[in-house]
Amino acid sequence: MEYKKINIITGHYGSGKTNISVNMALELAERGEKVTVVDLDIVNPYFRTADFEALFGEHNIQLTVPTYANSNLDIPALGFDMNGIADREGYIIIDVGGDDEGAKALGRYLPVFRKYDTQMLYVINKCRYLTKEPEEALQLMYDIENASGLKCDGIINNTNLGSETDSNIVSDSAEYAKAVCKAANLPLVAVTSQKEYLSDTDNAFPVKIYVKKLWEQFGDEQV
């Protein structure tokens, strides 16, 4: 995985954005890099990077969260000094809320993102409803770009089916990811899954599962 100063992770609800963000931060920390994770999810109160404060603390990863995160108040209000965050030494990982609704929060920080070396990576998962077809995934990407005012720079194929994931599910998603990348004219920057499912996979980025998938606990209708 190649990183920029600021790395924005976006995609569909339940696509695995938060789990990828956690793994990216931990990988950078293991390299000896300084890392700040920004929880910019103003949409989903269930699974967010704010839930990993203890884990991040063990690895000297700074965490910046909305003032209401992990409280009984979840409202679309932010109090970030993004300029101050971006001025910190090291890398910034921004975990964004799902779909175009979550991406709206990015718009207020456009001057910062344009000032620093920034990339926005779009996470796809063939097993998620509303993005099972390449055309659906592409349209959602355009919706996110329009809502955020930013363009995506690369695609992460995080196709999985929770505990039912196996190597066939990952390998069978290759053509799907290829079609999305071709239509979007963007590179496939990573294929993410547990290490045992990524043998002979180009751009493999092995991840550990820190976030239990929403559809396993709540069902698709609540994601």
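Good morning. I begin with Thr-118, which is found in strand β5, residues 118–124. Please keep in mind that the model on the screen is a predicted one.

Is Thr-118 buried or exposed? Its relative accessibility is 19%, and because buried means under 20%, Thr-118 counts as buried. Which residues does Thr-118 touch, leaving aside those up to four places away in sequence? They are Lys-4, Ile-6, Ile-8, Phe-113 and Asp-153. With Phe-113 there is also a polar atom pair to point out: a polar atom of the Thr-118 side chain lies 2.9 Å from the backbone oxygen of Phe-113.

Let me now turn to the chain as a whole. It has 223 residues, of which 53% count as buried. Its secondary structure consists of nine helices and eight strands.

My next element is strand β4, residues 91–96. Five of its six residues are buried, so the strand is largely enclosed by the rest of the structure. Which strands pair with β4? One is β1, residues 6–11, which runs parallel to β4 and pairs with it over four bridges. Within that pairing, Asn-7 stands opposite Ile-93 of β4. Another is β2, residues 35–40, also in the parallel sense, with six bridges to β4. Here Val-38 stands opposite Ile-94 of β4. As a general point, side chains in a regular strand alternate between the two faces of the sheet.

I finish with helix α8, residues 174–184. Its buried residues are Tyr-176, Ala-177, Val-180, Cys-181 and Ala-184. Why do these residues lie on the same side of α8? They cover an arc of only 130° around the axis, and this places them on one side of the helix. On the other side of α8, Glu-175, Lys-178 and Lys-182 are exposed. What do the buried residues of α8 pack against? Their partners are β5, α6 (134–148), β6 (154–157) and β7 (188–193). Finally, α8 is followed by Asn-185, whose phi is positive, near 60°.

Thank you for your attention.

Methods. Residues numbered from 1 in each chain as written. Predicted model: local features only at pLDDT ≥ 70, side-chain atom pairs only at ≥ 80, totals over all residues. Heavy atoms only, no water. Helix = DSSP H or I, 4+ residues; strand = E, 2+ residues; numbered from the N terminus. Buried < 20%, exposed > 50% of the residue type's maximum accessible area, 1.4 Å probe, protein only. Polar contact = N/O pair within 3.5 Å; in protein donor to acceptor, adjacent residues only side chain to side chain. Contact = heavy atoms within 4.5 Å. Pairing = 2+ DSSP bridges. Arc of directions from axis to C-beta.
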